Amino acid sequence: FGLCGVMILAAALAIVVALQGGQQFDLVCVGTTTSGGDYRELTTKPSSSRLRLDLREGRWCVNACTHHSEFARVSSVELLLEDAATAGGLEMRRVVDRTTGAYSVSIRTNIAGIRGWTRSSEQCELATYTPIPTARF
């Protein structure tokens, strides 16, 4: 493949994204996930994600895309995929930094006074858009 092949592939991908108006694209991300909590040993393991992002339709999905969600907020700086908290003690935040390509996921729980957390930090690269599945009926 070589450096020349990688550069040609990157240029081709940039052209595809430009033709789509930068509105539909995938991100392929790799990094680590760290978990811990009150009664849980601290662990860190490799992680990876594939995000399908459709800014035109205002929706996104991750990995197998068994369901999709609407963006919480889209700006020139970041894509806030999810920012939610439940009365049951679950908080979840997913964000992509549009400048650095960093994808972070933060999950915190506080159920019956027992706290836990999981944080993923991944670096993403642009990939060809894979359409988000639509409902069949």
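Two strands pair if DSSP finds at least two bridges between them. Helices (H or I, at least four residues) and strands (E, at least two residues) are DSSP runs, numbered from the N terminus.

## The model

This is a predicted model: local features need pLDDT of at least 70, side-chain atom pairs count only at pLDDT 80 or more, and totals for chains, interfaces and linings use all residues. Residues are numbered from 1 along each chain as its sequence is written, and side-chain values use heavy atoms, with hydrogens and water left out.

Strands of a sheet pair through backbone hydrogen bonds, either parallel or antiparallel.

## β1 and β9

Strand β1 covers residues 24–37, and strand β9 covers residues 114–127. The two run antiparallel and share 12 bridges. Take Val28 as an example: its bridge partner in β9 is Glu125.

Asp54 has Arg59 of β3 as its bridge partner. The two strands form a hairpin with 4 residues between them. In its turn, Gly58 has a positive phi of about 75 degrees.

Next comes strand β4 (residues 69–70), which pairs with β3 over 2 bridges in the antiparallel sense. The hairpin of β3 and β4 has 6 residues between the strands. There, Asn63 takes a positive phi near 55 degrees.
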